[in-house]
Amino acid sequence: RGPTEKSASTDDVTERHSNNSSPRSATPTGETSQNTTAPSLEEFKDKNKGVSESFRKGLSAKQRYGIEDGASEPPATVDASQLGKLGEAYDSIPLLEETCLPRGGISMETKAVGRVQFGIPPETIKDSMTLGIPVPQVYIVPAERFCREMGPALGVNLAEFEFPAYFNFFVCKKRCTLVVDSQEAEDNICRVFNETLLGPAQFRREVDPVPFEEEDFAPDFPRDAIPNLEKELRYFRIGPDGKELGVDVLLEFTQFKQPGDGYCHENLGVPPNIDTKDVEDDEEFDEEELDEALGMVGDEETGEEETVPADARGVEERDNSKWSYKKARWVGDVATVWPANATEEQKRERSVPRVEIFKMPSGTEYIIHDIDVNNVIIGKARFSGHVKVSETMSVEGFGTQSFMGISKRKTTATPNDDDDSLDSTDIAMSPMLNVPPTFHPPSFGLTTLGNSHGFDKSGSVSGYVLWVNGRGIMIDPPPYSSATLEREGIRPRTIVGIILTH
């Protein structure tokens, strides 16, 4: 959730907690009793309302406290010795294989749906191709979709979904899945993709489309030479199967959902080999734990809130950050990603593998669970919601040095690894970071920035600088063009215009 929603979201979660927590019975001295007397049937059912059906299925009949179909009465007592160690079971889950991508973002290998990637900087599929790992089909769109850090990466798009969608559709014959945090994010992405994939709306609308725009042509331009853009775009929208191409053919969206009715999420995957000693503790979420999960623990005397970490290292160093199954169930918003061949019936019954993605309320942290066909979590990952774009990024193939060639960064990382830059030795030796050469713009000339295409891992998409009288006009500049030109000694003020052909 964004900063403006923080206060309201916290109050809302706190209210849900206070109204629906399941406190144990207290002794006259105020201490918690480990052996409780039998509650009424209504109290018993209300207490276990937040326990999902799939969660119960992971427990034996004895461990379920009698929450069986047709059970008329709850058990007389709940002894602590009957409860398992849910926390230990969750800690035993192996970590997913994670790969830090040179251009930014992280790719994780799951058994349920293959590779899942967080962060989509420009030309990101070339990272996977260069590293020899599969190009993901599932992408998590960051809540902050543009880089706002001062420096060469300022303004870089962190949700550049176009080429991942094209690669999956045209090369892999699959549909790309985007996990977004809101309906607004989905609408914005669809609006952009409609324009880039299908063309301007006035040429393709169903009612009264126009063949061309008068202002695009000079008054004396021959009328019979003006193309009919409406017919041309309609022709290219029709696929070989006769169906019209649309955004939904290339993209599928999944949104994060909040816990329903003030309770924890239902029908989630469960840790393996649950002995359930800590199940009852998991159902309770006291105020201090809630504050910790929300990242709201601060100085009570001054009233200052804890600063939200800005990167992975900050998350790792935050003392009150606890990676727990309880935190995900109660506090995180969840998005579920299913295999492409899963049926609606299988989804309802949770009878196929899947991936559950949790976004913490602060928006700076995510947790992923890889779940098998038996509803058991077989892998997990935790990572920062901050996408770091290297300041040494450049147009691949431009100049004498390749960014991918000098990138010595390790590709397999542990959770919250902050290896977001080149090795210090490589940085010192990199000609990309030395004093830029002196460049004298020609009276007339052409600088080629990129001469390849979006699927070439060793080159950049085509782009140029046209020089006229010592001033430059950029034509379809590739990603990171501004920083690259500056490193080559071409001052930004010499660029006076930009032409976008498509």
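Reply: The account below begins with a sheet and its core, then turns to a helix, a second sheet and some side-chain contacts.

This is a predicted model, in which local features need pLDDT of at least 70 and side-chain atom pairs count only at pLDDT 80 or more, while totals for chains, interfaces and linings use all residues. Residues are numbered from 1 along each chain as its sequence is written, and side-chain values use heavy atoms, with hydrogens and water left out.

The sheet is open and antiparallel, with four strands in the order β7-β8-β9-β10. Strands here are DSSP runs of E with at least two residues, helices are runs of H or I with at least four, and both are numbered from the N terminus. Two strands pair if DSSP finds at least two bridges between them. The edges are taken by β7 (333-337) and β10 (377-384); each has a single partner strand, so one side of each is left without a neighbour in the sheet. Direction ignored, neighbouring strands are turned by 20 degrees against each other on average; the axes are lines fitted to C-alpha atoms, for helices over the stretch in contact, and angles run from 0 to 180 degrees between N-to-C directions. Six bridges hold the antiparallel pair of β8 (residues 354-359) and β9 (residues 365-371). Within this pair, Phe358 has Ile367 of β9 as its bridge partner.

The loop between β9 and β10 contains Asn375. Asn375 is not a glycine, yet its phi is positive, about 70 degrees. Most residues other than glycine have a negative phi. At 7% relative accessibility Asn375 counts as buried (buried is under 20% relative accessible area, exposed over 50%, partly exposed in between, with a 1.4 Å probe and protein chains only).

The largest nonpolar core has 27 residues, of which Ile140, Val179, Ile357, Ile368 and Phe383 touch the most other members. Such a core is a set of buried Ala, Val, Leu, Ile, Met, Phe, Trp, Tyr and Cys residues joined through side-chain atoms within 4.5 Å. At least two of its residues come from each of β2 (106-110), β3 (114-118), β4, β7, β8, β9 and β10. Another core, of 23 residues, lies apart from it and includes Val141, Phe161, Leu198 and Val247. Residues up to four places away in sequence aside, Ile357 touches Ile140, Val179, Phe256, Asp333, Val334, Ala335, Val337, Tyr366, Ile367 and Ile368; contact means heavy atoms within 4.5 Å.

Helix α6 (residues 162-171) has Glu162, Pro164, Ala165, Tyr166, Phe167 and Asn168 buried. Its buried residues pack against α5 (125-131), β4 (138-140), β5 (176-180), α7 (183-198), α9 (247-250) and β6 (251-255). The loop between α6 and β5 holds Lys173, a non-glycine residue with a positive phi of about 60 degrees. Lys173 counts as exposed, at 67% relative accessibility.

A further open sheet of four strands runs in the order β12-β13-β14-β15, with mixed pairing. At its edges stand β12 (444-450) and β15 (495-499), each with a single partner strand, so one side of each has no neighbour in the sheet. From one strand to the next the twist averages 20 degrees. Strand β14 (residues 471-475) runs parallel to β15 and is joined to it by four bridges, and Ile473 stands opposite Gly497 in β15.

The side-chain contacts come last. There are 13 salt bridges, each a side-chain nitrogen of Lys or Arg within 4 Å of a carboxyl oxygen of Asp or Glu. One joins Lys126 and Glu123, with the closest N and O atoms 3.0 Å apart; both Lys126 and Glu123 are buried. Another joins Arg148 and Glu144 at 2.7 Å, N to O. Arg148 is exposed at 62% relative accessibility, whereas Glu144 is partly exposed at 41%. Glu97, Glu109 and Arg115 are linked in a salt-bridge network.

Glu230 lies in helix α8 (residues 229-237) and is buried, with a relative accessible area of 15%. Its side chain makes a polar contact of 3.0 Å with that of Arg234. A polar contact is a pair of N or O atoms within 3.5 Å; within protein, one must be able to donate a hydrogen and the other to accept it, and residues adjacent in sequence count only if both atoms are side-chain atoms. Beyond its neighbours within four places in sequence, Glu230 is in contact with Phe203, Pro209, Val210 and Pro211.
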